[in-house]
Amino acid sequence: MIQYEKFTLDNGLRVLVHQDKSTPMAVVNVIYDVGARDENPDKTGFAHLFEHLMFGGSINIPSYDEPLQVAGGENNAFTTNDLTNYYCQLPVENIETAFWLESDRMLSLAFDAKSLAVQRKVVCEEFKEHYINKPYGDVWHKMRELSYIRHPYRWMTIGKELKHVEDVKLQDVKDFFLKHYTPANAVLVVAGNVTLDAVKILAQKWFGPIAAGDKYQRNLPIEPVQTVPRFLEVKAKVPIDALYKCWHICSRLDKRYYATELITEILSGGGSSRLFQALVKEKKLFSNIDCSHSGSTDAGLLSIEGKLVKGVSMKDAEAALMEEIYTLQQKGISEKELQKVKNKTESMLAFEDMSVMSRATNLAMYELLGDANLINTELDKYQAVTSEELLNESKAIFHENNCNTIYYYSNN
Amino acid sequence: MLNRTSPPDIKDAIEFNLELKPYEKFVLDNGVEVYAIDAGAQDVLQMEMVFYAGNCFEKNNAVATATSYMLKTGTSSKTAFEINEHFEYFGAYCNRSCQNETASVSLHTLSKHLPVLLPVIKEMITDSIFPEEELAIYIQNSKQQLSVSLQKCDFVANRLIDAFLFGENHPYGKYTVAADYDALTTTQLKEHFQQYYLNGHCVIFVAGKLPADLFTVLNEQFGHLAIKPGKQQITNNIIASAIKKYRIKNDVEGVQGAIRIARDFPNRLHPDFMKMMVLNAVFGGFFGSRLMSNIREDKGYTYGIHSYVQSHFQDTAFLISTEAGKDVAEATVEEIYKEMEILREELIDEEELLLVRNYLIGSILGDLDGPFQIIGRWKNIILNDLDVQYFYDSIKTIKTISAEELKILANKYLQPADFYELIVI
């Protein structure tokens, strides 16, 4: 059970306090309700570039990092298709430094032209490092474009192409800030050896004076139900053929989410999972195979990806993979297998909760989803999944018409 | 009116007293030592059995890593599937890893499941059978993985720079090629297992919320095995490359260059080692370092640049590592040398030095948060033949080293002529 208390400032900023007396450190986590899905299709990669700019100086403070480091702190941030999260950890005695820094950049950025010019280049190098200069690095760009017709999950957080990042203007940055970086679009979580009263005083002092701004109303295009399977063939300079398949799944708050998560565990969560055992060990068709899901707020994707053993044909590999899927759809799973994946989930959650940083970030993410207390009800929801629900969900997800496939061939 | 331009008062992190929570130590009946940290709020624990079974003991390339991997691929009574299923059913993770000197078998589990998991670990380390078919799968899949990795400039650069520094026959410098995998036999693996696991030297680290009968449970499982306390060491001769500068074309379509600039550096027992922690932080050891500020935050040549001392037991190396745009790779190298020159010629000012001291102390404070982190520190101390005083001496060095000392250190270690320089595109 993770204890926390919550209050809301007049400007709409939600504040959560999680006390943990065992640690000398405090975590200050600020999450903004904006991600790559909120971008204009012609200006993708912006939410993530903006995250970089949040470190380029705010209205009253020329540098974010230095004063934090002086106070013995460390920080980082990440952007997803759904949200942008900033976190720092520092000795609890110096916690006010974090309030000072975080509130100033929520108040206003410096909108420095040099910072924009440099971070455009840095993000382009990040783009190259992870998505261009790497075998198979472009596959998830292609897969998103194949799987989504209308929803902005069509593009990756890093952006559709380098040019979108290169073309960003300072005015775009200002507009984005005003639209999304308001107190009402944010959640602040403070964790560590802190009291509710002390956090209330600090939050009111530093964040209270920030103007409320407008609450952003999200109105995203709805992805139409897929009605025919889609295929794409790619030939690239990679040494090994690879197979990628994706199916649409439910949204994060749907009650079917828990069965979906357990399905991915059954298929590929470890050395005794079905796909690894059947396809890598017994049939020796793949050298590795993985199943995961995007875990996104809006309806996401479940994906299976594997590299083929040299000499194996794509058709044979795919047929064997689908045979495993049909077996799951027809025979379901045993109680023992269900218990296994539930036990794994229980211990995964326990390990996650060890770190105060991870507790703080999770509280913020759940609050953004609508209710921080979800952090305390997740395990029960996994435990309640029945083998029948799992069977039904596997029939729904792995429907032929719901599938997107990429054959990624080596042209060597 | 709220003053947002000047920072709130802080307590300088260098005023904090850092303490490393002491371990409890048990000795099993066969003399094997167990170091334990009982702490944490969650009912979880980790156990790591460290064997002196790493790459430096292998007779042929890739044998140690393959042996370590195959500890989970079959015993005389269980298949690979059954071993995996056993751990996974209880939501536990059993991993193997192989380093230069040591190779570990580790377990992460909810504390309550420890008694049903330990017997299978015991089976793995005493009764692994190394099936031919499993080795064939391992060879095939490792070669495929290698062929993908070899397309990446960073992977190629990491292998080459170590080979230049130590020589291809030194455990820190050698690397695996496809033919090494093809040459593996179960006989080699069984021999390695016999000598370095079954009859090997072992030390055990445990941390988390520990059961009251931990010692009894461990002694029952491991106290009567042939494993021995103490360590095994081999000293290897370094045969560094005579040529220092390399430009390598690995991928004609490559858009980035993997840059590695490196020199030899003494190990932890040398008095310069802990001083170097501070100089390294200033130079390229964290986000606020000079390399990062100049090459990423001012010029935008790279997504990240770091310097660090490699973590080796024996004589080691100091490295600068980054992936930079192809067109700015040479300019990046020049900037790295410029930053070395500034550190050799100018004193670090007190403001910057205080920032680095505070940052380092703060990060150690954060690092000591939680049982797994605390045992990690102890493991480092114990395996490197140091004692707790080393921890307190490093804290003292961070708090007190002067700008003059750092300049002397820069003149000793940041001389471009001593460095190997490599760009792989």
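User: Where is Val50(B) found, and why is Val50(B) called buried?
Analyst: Val50(B) lies in strand 3 of chain B; strands (E, at least two residues) and helices (H or I, at least four) are DSSP runs numbered from the N terminus. A residue is buried if 20 or more other C-beta atoms, placed from the backbone, lie within 10 Å of its own, exposed if 12 or fewer, and partly exposed in between. Val50(B) has 23 other C-beta atoms within 10 Å, so it is buried.

User: What kind of model is this, and how are residues and chains labelled?
Analyst: This is a predicted model, in which local features need pLDDT of at least 70 and side-chain atom pairs pLDDT 80 or more, while totals for chains, interfaces and linings use all residues. Residues are numbered from 1 along each chain as its sequence is written, chains are lettered from A and ligands numbered from 1 in the order in which they are written.

User: Which residues is Val50(B) in contact with, leaving aside its neighbours within four places in sequence?
Analyst: Contact requires C-beta atoms, placed from the backbone, within 7 Å. With those neighbours left aside, the partners of Val50(B) are Thr102(B), Ser104(B), Cys202(B), Val203(B) and Leu383(B).

User: What makes Glu101(B) count as buried, and where is Glu101(B) found?
Analyst: Glu101(B) has 23 C-beta neighbours inside 10 Å and therefore counts as buried. Glu101(B) sits in the loop between strand 4 (93-98) and strand 5 (103-110) of chain B. Beyond its neighbours within four places in sequence, Glu101(B) is in contact with Tyr52(B), Gly54(B), Cys56(B) and Phe313(B).

User: What span is expected of helix 4 of chain B, and how far does the helix reach?
Analyst: The expected span is 1.5 Å times one less than the number of residues. Helix 4 (residues 132-149) has 18 residues, and its 26 Å from first C-alpha to last is close to the 26 Å expected.

User: Which residues of helix 4 of chain B are buried, and what covers them?
Analyst: The buried residues are Leu135(B), Tyr138(B), Ser142(B) and Gln144(B). Their cover includes strand 9 (286-293) and strand 10 (301-308) of chain A, along with helix 1 (63-69), helix 6 (178-182) and helix 7 (186-198) of chain B.

User: How many residues of domain 1 of chain B are in contact with domain 2 of chain B?
Analyst: An automatic or database domain assignment sets the bounds, giving domain 1 (24-222) and domain 2 (245-424) of chain B. In domain 1 of chain B, 22 residues are in contact with 25 residues of domain 2 of chain B. Helix 5 of chain B gives the most to this side of domain 1, with eight residues.

Technical notes. Two residues are in contact if their C-beta atoms, placed from the backbone, lie within 7 Å.
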